[in-house]
Every structure is written in C-alpha cells, then in structure tokens.
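Student: I have a structure to work through. Can we take it step by step?

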Amino acid sequence: LGTLPFITLACGGLQLAMGVARGGGITKYVPESVIAGFTTGIGVMILAGQLPKALDLTVPAGLNTVEVVQAVASGIGGTNPAALALALGVVGTMHAAPKLHPKIPSALVAVGGATAASQLLGLSATPIGALPSGLSAFTLCMPALPAAEALPSLCGTILLIYAMTSAETLLSCTALDRLRPTSYKHNPDQELIGQGVANMTAAAFAGMPVTAVIARSSLNIKLKAHSRLPSLVQSAFVFGSLALYSDVISAVPLSALAGVLISSGAGMLQPAELKTSLAEDKYNLGPYLVTTCGMLTMGMAEGIVLGCASSAAKHLVQQRLLAGGGDWVVQAAESRLKDPPPSPDTRKEA
C-alpha cells in the first residue's frame, strides 16, 4: 500500500503521454462483436455484482461473476426482505418515473424515497455506513519514490494496471457511443488525457488508479443526458457530500443504490451493435460469446483478449476457406474446359 500513490502517479503519467501522442485510436481496431460482448458482459457483471447488496447478503471478495451468482444462490435463504423491497422499489421507480414525465430525476427520486422509507419505517436494510467527513478528509500526500531495488517489480504492476484501466475506459466510451441516440463520438486521446490528469491528481491524495466506468454513463443516457453537466454535477455532489453531508449519505441503504445499478445494467444486456454485427456476419456470434463468457468466468481483461483472439481466428479461418473454395472453383472450371464435349454417339449411349 505504501507504493500505491506512486503506482497511481505512474499510470496517470503513462495515460497522459499516450493521449498527447494520439495513441488512443487503438480501440478502433477492436471488432464490433467484441465491443458487443464487452457491453453485455459489463451489464451482466453489474447485475450479478449488485445482487448481494440488493438481497443484503455477504459474499467473499475476489469472486468472478459466475462464482458470485453461485454464492448468492447458496445463501438465498438469508435474504433480507426489507432490502429486497427497497431494491425492487427503486427499480420500479426508475422505470415508471420517466413515463410520467421525462424530466423527473428518477434515480434521485428513487434513492431519496428509499432512504426516507428506510428511516421512517425503521427498516433493517444495511446502509452505506460511516464516511470520511469535512475538509480534513482531503489531505495532500505526495507520492514517494520507491527504493531502486523495488522499481523492476513495480514496472510490471504499473504497466498491467495502466493497460487494464486504459482499455476499460476506451472500450466503455466506444460502447457508450453506440448506446447514445445522438451522433456524438468520443475523442479517445482526450479521454486518456483526462484519465491521466485524474490519476495524477488522485495520487496527490494517496488515491488509487481510477478508470471510466459504464454504469454511471449508461444511467446518464437512460435519463436523456447529452452534455458534460451531469459529470460536473456528480463530481460536485460527491465532493460536497463528503465535505458537508457525509452523515446524510451514510444513511442511504446499499440495496437502494443496487437497484439503480441493476436498472442500468439491465439496459445493457442487448447492445445495438450485436444486431449490426450479426447482420454483417452471423459467425460474429462466436467472438461475442467468447468475450462475454470470458469476462464472466475469468475477468474483464481476459475476456477482451480472448474475444479479440477469437475474432482474429474467425477472420483467418474464413479467409482460408474462401481462398480454398476459390481454388477449387477455378480448378473445376479449368477441368471442364479441358474435357472435350461428349460426341452424339456417347450421348445416345447415355
């Protein structure tokens, strides 16, 4: 943990340098079927990850998505009815409020209502709990340079975290471009620059590396947000909550927040790019399934790598089959040209 600020600073510096060098465009080479699998995989991971909170169950840390579902299934008997009711209420409000009026802040109304119900009715749902409060929670802690003998081992860790956080950010942005109903396209270089600056700033407060996540952005899309204002409001709200209202935020039930994320994750299970990808080539279903299953059973990075590898293998096989079929067609045509036409006597015998 002592080297975490340095790792965060180094990751931020690499991301900033990559963005300035215009290296963010590498994601345009990721197949659309893999992006579709990534979107579905994230949606399932969000749903599965929030199930324990929605049911008020405790599961071991470090489990993959399949293991989380298995743990929830085995402990389903310990479900907290109050937590489940709050989660279902939030999900229902998230879906019903926009139909009443499109400008109703459904997430805020749902979470606020769930918190009020929990407090007024004395429900036993687990809250967020104690949070750091006041400006004293924000303490500058400049990263210290590790010992020279520790640098070689840290380099591998830094590169791995840099690659994973950068890939998640860029793929999330690419997936969000397809979820948005507008023609807006993100600038991958600008995303890396922003992420790099954020990580370098986080390092100054002894923070860990940050990455863009699709959950909050998909919620913004669900609520018809089209500008940078929601991000600014969210940042100000998080800062203000910790500095001024940590006692209020600590009372929010975890199951209510789980309901918000479940509602967002459910909307990602059938990404639009899957239909486009399958219309282009029905065999794109293979990389899509490999990406999704890899993310759910092994992890996000592993699923993306396997998906890209399976897409490349599919392309090579198709090219080989196409080339082989073309040679066979040419050879068959040549043999027909070389064979003399049958004589009238031969035709009569036939």
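Student: How far apart are the mean positions of the positive and negative charges of the protein?
Tutor: Start with what counts: Lys and Arg are positive, Asp and Glu are negative, and His and the chain ends are not counted. Each charge is placed at NZ of Lys, CZ of Arg, CG of Asp or CD of Glu. The protein has 20 positive and 18 negative charges, and their mean positions are apart by 10 Å.

Student: What kind of model is this, and how are residues numbered?
Tutor: This is a predicted model: local features need pLDDT of at least 70, side-chain atom pairs count only at pLDDT 80 or more, and totals for chains, interfaces and linings use all residues. Side-chain values use heavy atoms, with hydrogens and water left out, and residues are numbered along each chain as its sequence is written, from 1.

Student: How many helices and strands does the protein have?
Tutor: Both are DSSP runs, numbered from the N terminus: helices are H or I with at least four residues, strands are E with at least two. The count is zero strands and 15 helices.

Student: Why is the protein described as more spread out than a compact globule?
Tutor: Compare two values. The globule rule is 2.2 Å times the number of residues to the power 0.38, and the radius of gyration is taken over C-alpha atoms. For 350 residues the rule gives 20 Å, so the protein is more spread out than a compact globule, with a radius of gyration of 26 Å.

Student: What share of the residues is buried?
Tutor: Buried means under 20% relative accessible area, exposed means over 50%, and partly exposed lies in between (1.4 Å probe, protein chains only). Of the 350 residues in the protein, the buried share is 35%.

Student: Is H186 buried or exposed, and which residues does H186 touch?
Tutor: H186 sits in the loop between α6 (151-179) and α7 (188-203). Its relative accessible area is 14%, so H186 is buried. Contact means heavy atoms within 4.5 Å. Leaving out residues up to four places away in sequence, H186 touches L170, C173, T174, D177 and E191.

Student: Which residues of α13 are buried?
Tutor: Look along the helix. The buried ones are P287, Y288, T291, T292, G294, M295 and L296.

Student: What is the phi of D56?
Tutor: Most residues other than glycine have a negative phi. D56 lies in the loop between α2 (32-55) and α3 (65-74). D56 is partly exposed, at 23% relative accessible area. Although D56 is not a glycine, its phi is positive, about 60°.

Student: Is A206 buried or partly exposed?
Tutor: A206 is in the loop between α7 and α8 (214-222). A206 also has a positive phi of about 60° and is not a glycine. Its relative accessibility is 39%, so A206 counts as partly exposed.

Student: How far is G156 from Y288?
Tutor: G156 is in helix α6. Along the chain, G156 and Y288 are 132 residues apart. Their C-alpha atoms are separated by 29 Å.
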